Amino acid sequence: MPVDFAKAHDQWARFAYCRDNGHTDFVKKADRCDKFVAGDQWEQGDLDALNLAKRPAMTINKIFPTIGTILGEQIQNRVEVLLRPANGGNAEVADALSKVWMQISQANQLPWIRSDVFCDGLVRSRGFYDVRLDYTDAMEGEVRISQLNSKNVVIDPDADQYDPDAWADVFITKWMNPQDIEILYSKKDAEILQDKGASDFMYGYDSIERARDRFSGMALDAASYDAFDNKDGLRKNIRVLERQYRRLDKQEHLVDIATGDMRAIPEGWDRDRIAALLEKSAGQLTTTKKLIKRIRWCVTADSVVLHDAWSPYEHLTVVPYFPHFRYGKSVGVVENLIGPQEILNKVSSQELHIVNTTANSGWLVEENSLVNKTLDELELTGAQTGVVIEYRKGAQPPAKIAPNQVPTGLDRISMKAEEHIKSISNVSDSMMGFDRSDVAAKAIAYKQQRGAVNLTKMMDNLERTDWILARNTLSLVQSFYTEPRLIKIIHEDITRQDDEIQVNQPDPVTGAIINDLTLGEYDIVITSAPHRASLEDSQFEQARALREIGVQIPDHVLIENSRLQRRAEIVKQMQGDQESPQAQAAMARQERMEEAAVAKVEAEVQEATTQAQLNQVRAQKEMVQAQQLAEGTEEGVDPAAELELDAQKSAAELQLKQRQMEAEFAFKREQMEREFELKREALANEIQIKRETAEADAQIKQKQAEQQAVAQRVQLMRQEAQAKKTATTTSQSKKD
């Protein structure tokens, strides 16, 4: 784009306002926190004064392991993003979107970026993602998630909400060389900026902080950027301001008549595409214009406007993380640990100074009383072990000056400083693994659990950031993943199997779109799960404990949750090839054995039931006989009733014997089949072993024959050589 002084000036004025109203203070705080984490914890003026006084400057960096412990807690807990259907969504598309998110996460190595952003939040109180579409590797575009340097992100100073959707604007400032400008924007703009001299830039080389976050860590000046420019355009760097801000605009929306849901029509859609969508909806969709806040995207470099257009995205590309957030005020962990850390360093340095002065406190010497040393030599060697000092007879012996005593309570101050660091950071000795050996394991585990609770707010804000990140990514997917794609993911279980899913694929029969990602609304569910290694350790310990108390945990469950290498292969070998004939036969035998066992149990139950019925019949008969005896007469006996009872008894006994015989026959038949199958397998294995043995013997015999033939040829060659040698010797002797 051409040079536009007015627009570039407006951009710079807004940037300067945002920079001077809070961001410069944040950058100073961030630099100081970075130095304390790295161990650079003394001001240069203090170091110079201590060096002149020959006093030590100790640095005992307690902040670094404290931050490491909190990072370990975050790494051990990973996030899982799932999508659930809401208005107009369905479960299949929600599952497809979840897999698309998994593919985007794997392609961008999101777990590592997440840890880096979390670390920025702990140290500087601000961490940032950048979510946008990237066309580097794919013509249709892919979602690219990257980490931004928090010192280069300038937030709207009037914002007071966590979510960037409530911000008026945001700046991303960075240094770019002409090559990058030519690739991202245009060659003409790059040439204009490259041809400028140091004095031609309208705003000079104004920078928030000249100490760059690079490998060199040097404080650069304007000459480093421009005066020594070379032909390839790599040494010269130009400040580029990228601003995303909101402006009112009337935009056409699609409206669902049934639900009233509205969605903005992408700017790239033409009238034919919109008409085709309305026709396909069969009157369910219509269009309307609505006044909304749209995102405007403007990029400038000095007086050159590199880009100025409506943003194709629904949200700002910047996604923030703040460990603690209160109405625009972000608070990290390191900034509150600087005071106790400085106390610890100063008190430790003072203690070391006192110890040094105790070892060589000085001497009181009478004038001209030393014999074997001068005063200078005594000053240098007077504190050495085994020193011998000879003084003149009759003179006062040299006396060592009594050193200053260590002030009472000085050692307590350093202990208090360490306790302050633990209490402020909520990282106790138990969480760092430094508990005393006499503390019970259960008590340590409970204190570790309570210590993790103290970090809940920081983790909760991280999950809020994960939700915003997933929301912005979902918006990009539904807006730009409109063509058919093949999504491939790799599962994180022990099998590491890949999975493929087709999205936006037209059905050749019905013409409907399978897994249409562009339609419907979906809810985002964020769940925090332990890191797979920690989860496997926990699962393994629980499974082993259940096995020890008698619960029949399968062996493959223990192996799957262990830390063994090649676990998947071990489990597969244990389970075998399920598709092989041997595996199918084994499964069939197992099923028959289980059926026989069930039939046997059922027969036993039926036998018990029949026996109970038989006992009941006997009891009824005895009761009738007892009643007749009680009446005192045998003439009243009913022969028919007695015959009926006998018949029921006989039938029950016959039925019982029949079922017993059937169960025994089925069990014996299954047993014979199993024995026959085992014998057949043993015979097949024996035949196979004999065949392999015969083949091996044949190979051995063949090799032996080949070796004998080679040996014979070698022997024959030796004999021929010996004969030639003998003939040569004989002829030579004859000549002589």
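This is a predicted model: local features need pLDDT of at least 70, side-chain atom pairs count only at pLDDT 80 or more; totals for chains, interfaces and linings use all residues.
Contact here means heavy atoms within 4.5 Å, and by that criterion Trp101, Ser105 and Asn108 in helix 4 meet Leu110, Pro111 and Ile113 in helix 5.

- The lining of the second largest cavity is made by Val81, Leu83, Leu97, Val100, Trp101, Ile104, Ala470, Thr473, Leu474 and Val477.
- At least two lining residues come from each of strand 1 (77-85), helix 4 (91-108) and helix 15 (456-480).
- By class, the lining of this cavity comprises 9 nonpolar residues and 1 polar residue, with no charged residue among them.

**Helix 4 with helix 15**

- The axes of helix 4 and helix 15 lie 11 Å apart, and the two helices pack at an angle of about 105°; since angles of 65 to 115 degrees count as roughly perpendicular, helix 4 and helix 15 are therefore described as roughly perpendicular to each other.
- On the helix 4 side the contact is made by Leu97, Val100, Trp101 and Ile104, and on the helix 15 side by Leu469, Ala470, Thr473, Leu474 and Val477.
- The residues of this contact divide into 8 nonpolar and 1 polar, with no charged residue.
- Trp101 of helix 4 takes part in this contact, lines the second largest cavity and also meets helix 5.

**Helix 4 with helix 5**

- Helix 4 packs against helix 5 (residues 110-124) at an angle of about 70°, with 6 Å between their axes, which means that helix 4 is roughly perpendicular to helix 5.
- The residues that form the contact of helix 4 with helix 5 divide into 4 nonpolar and 2 polar, and none of them is charged.

**Helix 3 with helix 15**

- The axes of helix 3 (residues 63-75) and helix 15 come within 11 Å and cross at roughly 50°, so the two helices are oblique to each other.
- Helix 3 passes helix 15 in a right-handed crossing, and the contact is made by Ile70, Glu73 and Gln74 of helix 3 together with Met458, Met459 and Leu462 of helix 15.
- In the contact of helix 3 with helix 15, the residues fall into 4 nonpolar, 1 polar and 1 charged.

How values were computed
Residues are numbered from 1 along each chain as its sequence is written. Side-chain values use heavy atoms; hydrogens and water are left out. On a 1 Å grid over the protein atoms alone, a cavity is a set of points where a 1.4 Å probe fits but cannot get out, and a pocket is an open set with protein on both sides within 12 Å along at least five of seven lines; lining residues have an atom within 4 Å of a point. Helices (H or I, at least four residues) and strands (E, at least two) are DSSP runs, numbered from the N terminus. Ala, Val, Leu, Ile, Met, Phe, Trp, Tyr, Cys and Pro count as nonpolar, Asp, Glu, Lys and Arg as charged, and the others, Gly among them, as polar. Axes are lines fitted to C-alpha atoms, for helices over the stretch in contact, and angles run from 0 to 180 degrees between N-to-C directions. Angles under 35 degrees count as roughly parallel, over 145 as roughly antiparallel, 65 to 115 as roughly perpendicular and the rest as oblique. A crossing is left-handed if the near helix is turned anticlockwise from the far one by less than a right angle, and right-handed if clockwise.
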